Amino acid sequence: MSDELIPKVKQMIIDSLRIEGMSPSEIETDAPLFGEGLGLDSIDALQLVVAMEKEFGVVVPDAATGSKVFASVRSMADYIAENKQ
Amino acid sequence: MNCWMFPGQPLRHNQPFPETADGAEIINLCRNATGFDPSTWQDDGGLNGEHVRLQIYGTAFSLCRTRLLRSSGQEPDMVLEHSMGIYAALAACDCISEREALEMTARVGVVLARMSEDKRYALGCIIGLGCPAVETAAANHGVYVANFNTSSHFLLSGERSRIMAAVEECAAAGAFSLSVFECDAPLHTPLIVEVATELESIFSDYDYAGPRVPLLDHIGQQPLTSSRIPAFLLDELLSPVWWQQSYRAAGKLGASTFVEVGAGDALKKFNRWIDSESR
């Protein structure tokens, strides 16, 4: 179930963060999104929270949860699969 | 219309200077004007601490980016500035020279750094909490909202212990992300009045030409004129930065392309958030 979400999550990241010149296939599924990976920060995290809620109806309640959810594309997809209504 | 945006002091110096002739010239200019080399992070001992170095690095990096953009044929139709980004913005608009921008940054930084000799100050970054709750937390603990960046991104400024208490209140109120940074002075607050006379004296040492393109101030979103610049340079350190209003004002004036001329991409991210709420 969560594997099917991976391309959608990658596209959501590109669209919501306005990442130019990058296709979904260029984002590694298991690479860290913050720090050395895509280099995202807390401003990006909040943008992703809003995008996830809008697109998948899934709420990330706080930064502590967010740090686990936004560890990688796979962890995002897993969280969406577990919490999608 | 093309709008160049000049960010304030970066939090770290993780972007190396471009290895170009312009990069080398700016580094050299910086060494001569301030005694500080932003490429080696060495100074002649006249600077008082890491924050002053970061402030000079921020201005030097923006000046370098300005040159690179110009060498690729780009020019702004309008300029926005955030916080201490004003000094590089003034140089980009030909109000002062590059050397003067670097020197002014260093002189202001040294005066501000003196404020930390008696008290410890900090900035609190609050993300994901609405303005009323942030303003309430600030008022409850005697600190100030120094940056109104977006509807959900704010910077608090004030004495460190008070900032910690205000940040805790914001956490309890449901903020998504919080962080605290040490700083030399309570930037963008009335507390700066303590060094206002010295700052005023610095700003009166320079002659200012009128901006070659509209340069919107971040307090009232009005185009700066040569006569207004010295007073604004002091006011802006005593008053909050209203970034969302500045970005929207530039849009209303016709700006459609925004280029961040400095280290990092915080302003672009603020704009992205503001745009997402406008849709």
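Student: What makes Met104(B) count as buried in this model?

Tutor: The model is a predicted one, and the count is made on its atoms. A residue is called buried if 20 or more other C-beta atoms lie within 10 Å of its own. Met104(B) has 24 other C-beta atoms within 10 Å, so Met104(B) is buried.

Student: Where does Met104(B) lie, and which residues is Met104(B) in contact with beyond its neighbours in sequence?

Tutor: Met104(B) is part of helix α4 of chain B, residues 98-114. Contact requires C-beta atoms within 7 Å. Leaving aside neighbours within four places in sequence, Met104(B) is in contact with Tyr87(B), Ile202(B) and Tyr206(B). As for Ala88(B), its C-alpha atom is separated from that of Met104(B) by 9.9 Å, and the two residues are 16 apart along the chain.

Student: How do you know that α2(B) is largely enclosed by the rest of the structure?

Tutor: By counting its buried residues. They number 16 of the 22 in α2(B), so the helix is largely enclosed.

Student: What span does helix α2 of chain B reach, and what span is expected?

Tutor: The helix covers residues 50-71 of chain B and reaches 31 Å from its first C-alpha to its last. At 1.5 Å a residue, 32 Å is expected, and the value is close to that. Just after α2(B) comes Gly73(B), with a positive phi of about 90°.

Student: Why are β9 and β11 of chain B called edge strands?

Tutor: Start with the sheet. It is an open sheet of four strands in chain B, in the order β9-β4-β1-β11, with parallel pairing. Strands β9 (215-216) and β11 (257-260) of chain B each pair on one side only, and they are the edge strands.

Student: How do you know that β1 pairs with β4 in chain B?

Tutor: Two strands pair if at least two bridges are found between them. Strand β1 (residues 2-6) and strand β4 (residues 78-81) of chain B have four bridges, in the parallel sense. For example, Phe6(B) has Glu81(B) in β4(B) as its bridge partner. β1(B) also pairs with β11(B), again in the parallel sense and over four bridges. There, the bridge partner of Cys3(B) is Phe258(B).

Student: Which side chains of β11(B) point to the buried face?

Tutor: Phe258(B) and Glu260(B) point to one face and are buried.

Student: What makes chain A as compact as a globular protein of its length?

Tutor: Chain A has four helices and zero strands. Its radius of gyration is 11 Å, close to the 12 Å that the globule rule gives for 85 residues, so chain A is as compact as a globular protein of that length. Its C-alpha trace spans about 35 × 25 × 20 Å along the principal axes. In chain A, 34% of the residues count as buried.

Student: How many residues of each chain take part in the contact between them?

Tutor: Ten residues from chain A and nine residues from chain B. On the side of chain A that touches chain B, helix α2 (residues 42-56) of chain A gives the most, with seven residues. The residues of that side divide into five nonpolar, two polar and three charged.

Methods:
Residues numbered from 1 in each chain as written. Chains lettered and ligands numbered in written order. Predicted model: local features only at pLDDT ≥ 70, side-chain atom pairs only at ≥ 80, totals over all residues. Helix = DSSP H or I, 4+ residues; strand = E, 2+ residues; numbered from the N terminus. Expected span 1.5 Å × (residues − 1). Buried ≥ 20, exposed ≤ 12 C-beta atoms within 10 Å, placed from the backbone. Contact = placed C-beta atoms within 7 Å. Nonpolar A, V, L, I, M, F, W, Y, C, P; charged D, E, K, R; others polar. Rg over C-alpha atoms; globule rule 2.2 N^0.38 Å.
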